[in-house]
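Open the model in your viewer and keep a pencil handy. The exercises below can be followed on screen, one step at a time.

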Amino acid sequence: MNAAFVDREFYMRSNGQVRFLTVSRRLQLLAAGSIATILLTWLTISGVMLIAQADANADRLAMAEEAERVAATAAAVDDIREGVEARARRLTARQDFLDTLAEDYFGETPAAGSLEAVNEKVVAPAVDDTEGNDSAALAAIPAATDLARLEARQLAFASGVASLAEARVARAEREMKRLGLNPKRFIGNSAKGGPFVPFGATKADLPQTPFADLTVAMDRLDRLERALVAVPSFSPAKNSRLTSRFGFRYDPFRGTPARHQGQDFAGAHGEPILAAGPGKVVRAARWAGYGKAVEIDHGRGIRTRYAHMSKLDVKVGDRVERGQQVGRMGSTGRSTGTHLHFEVRIDGKAVNPRPFLEANDHVLEIQTVAGRRLHAAHAG
């Protein structure tokens with residue numbers, strides 16, 4: 001240190017004169033200190049500026065990342081909002097469908113109590129609707145979770161309705177068998193058609209939901225109940241008495257054993273004869289031993305015949321409703337007195353009319369409710 005900074009003398013010649021310049025040790029130290037101070041200050045300022053620049057760059061990067069995240073969240077919100085709106089429309093249509101179905105099929109029958117019980121027991125399960133969605137985006141639209149819970153409740157409700165429908169199907173099948181009818185003939189034909197009009201979930205979604213089971217159950221129930229509506233169960237002669245049953249009897253003209261293919265009801269001349277079920281008149285004229293007779297086709301191979309009438313009130317091609325007057329009681333044809341000969345035929349074969357005319361309350365209930373539903377559908 002002392003060796004580096006010693007007094008120094010400099011000689012300078014100018015115009016023939018020699019001058020001496022002395023730089024003292026102290027002056028050298030002061031100059032070196034000043035230079036060191038300046039360098040240190042510059043380095044400090046440069047370091048601070050570099051740090052500030054690095055922080056600024058980091059802030060810019062963070063802001064850019066935040067902007068990207070906000071943009072992504074906004075896009076997710078838009079996507080979810082569109083999905084929520086589509087789901088809301090689908091659920092609204094589905095709810096209308098469920099309301100109409102419940103009212104048409106269960107609203108006016110004893111099963112309504114069971115339906116209400118199912119509805120009350122359906123508890124919306126915990127739903128995780130965040131799968132595939134940003135949580136912040138989902139939080140921005142709380143309705144998404146509400147709709148998910150509603151959809152889960154509808155699916156559970158549909159499952160309950162399907163169970164009720166299957167129970168109704170089983171009861172309807174039992175009644176058909178009791179009447180001697182094979183339920184398969186009413187639900188075996190699955191021929192369908194018509195333009196495609198989507199409803200609710202797509203075809204790919206439906207097989208995985210209870211709505212698939214509901215659709216199958218309601219289709220079976222509808223076909224069975226339509227068949228039961230057409231079953232002839234209405235008494236064709238109200239103010240009358242049974243005088244001859246179906247099956248074996250002695251022929252009233254020959255007195256020999258014979259097979260009676262219907263039931264005879266005696267009554268007053270001119271008494272109204274009523275259609276036992278809805279259908280189409282396929283015969284209305286004199287008919288050999290039947291005299292003046294009417295035959296009604298109820299569909300599914302079921303027909304009824306009304307014979308020995310004094311007057312016909314319908315013609316071929318007429319559509320008649322259950323209980324509608326088709327003629328008046330008389331004694332035309334092969335008859336010993338005023339009465340109605342009534343037959344029920346399935347695929348051309350005469351069967352005992354008694355089970356049809358003594359149909360229990362369940363069959364009559366289905367015929368009333370389902371008949372009203374079908375009438376409303378045709379009117380619409």
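Predicted model: local features only at pLDDT ≥ 70, side-chain atom pairs only at ≥ 80, totals over all residues.

Residues are numbered from 1 along each chain as its sequence is written, and side-chain values use heavy atoms, leaving out hydrogens and water.

**Exercise 1. The overall chain**

Task: Find how many helices and strands the protein chain has, and what share of its residues is buried.

Solution: Begin with the secondary structure: helices (H or I, at least four residues) and strands (E, at least two) are DSSP runs, numbered from the N terminus. The protein chain has 8 helices and 14 strands. Next, sort residues by relative accessible area: under 20% is buried, over 50% is exposed, and anything in between is partly exposed (1.4 Å probe, protein chains only). Of the 380 residues in the chain, 35% are buried. Finally, look at contacts, meaning heavy atoms within 4.5 Å. Taking those between residues at least 6 apart in sequence, 68% join residues at least 24 apart.

**Exercise 2. Aromatic pairs**

Task: Search the whole structure for aromatic pairs and describe the geometry of each.

Solution: Apply the rule to the rings of Phe, Tyr and Trp (its six-membered ring): centres must lie within 6.5 Å, and planes under 30 degrees apart count as stacked, over 60 as edge-to-face and the rest as tilted. The search gives 2 aromatic pairs. One of them joins tryptophan 287 and tyrosine 290, with 4.8 Å centre to centre and 40 degrees between the planes, a tilted pair. Tryptophan 287 is buried at 16% relative accessible area, and tyrosine 290 is buried at 15%. Now turn to tyrosine 306 and phenylalanine 342: their ring centres are 5.4 Å apart and the planes stand at 50 degrees, so this pair is tilted. It links distant parts of the chain, since tyrosine 306 lies in strand 10 (residues 302-312) and phenylalanine 342 in strand 13 (residues 339-346), 36 residues apart. Both tyrosine 306 and phenylalanine 342 are buried.

**Exercise 3. Charges over rings**

Task: Identify which ring lies under the charged end of lysine 238, and which under that of arginine 283.

Solution: The test asks for NZ of Lys or CZ of Arg within 6 Å of the ring centre and within 35 degrees of the ring normal. For lysine 238, the ring is that of phenylalanine 234, with the charged end 4.1 Å from its centre. For arginine 283, the ring is that of tryptophan 287, at 3.7 Å from the centre.

**Exercise 4. The nonpolar core**

Task: Name the residues that touch the most other members of the largest nonpolar core.

Solution: Such a core is a set of buried Ala, Val, Leu, Ile, Met, Phe, Trp, Tyr and Cys residues joined through side-chain atoms within 4.5 Å. The largest one has 48 residues, and Leu181, Leu214, Ile273, Ile296, Tyr306 and Phe356 touch the most other members. Helix 6 supplies the largest share of this core, 9 residues. Setting aside neighbours within four places in sequence, leucine 214 contacts Phe97, Leu98, Ala158, Val161 and Ala162.

**Exercise 5. Positive phi**

Solution: Arginine 300 is not a glycine, yet has a positive phi of about 60 degrees. Arginine 300 sits in the loop between strand 9 (292-299) and strand 10 and is partly exposed at 35%. Histidine 308, also not a glycine, has a positive phi of about 65 degrees. Histidine 308 is in strand 10 and is buried at 5%.
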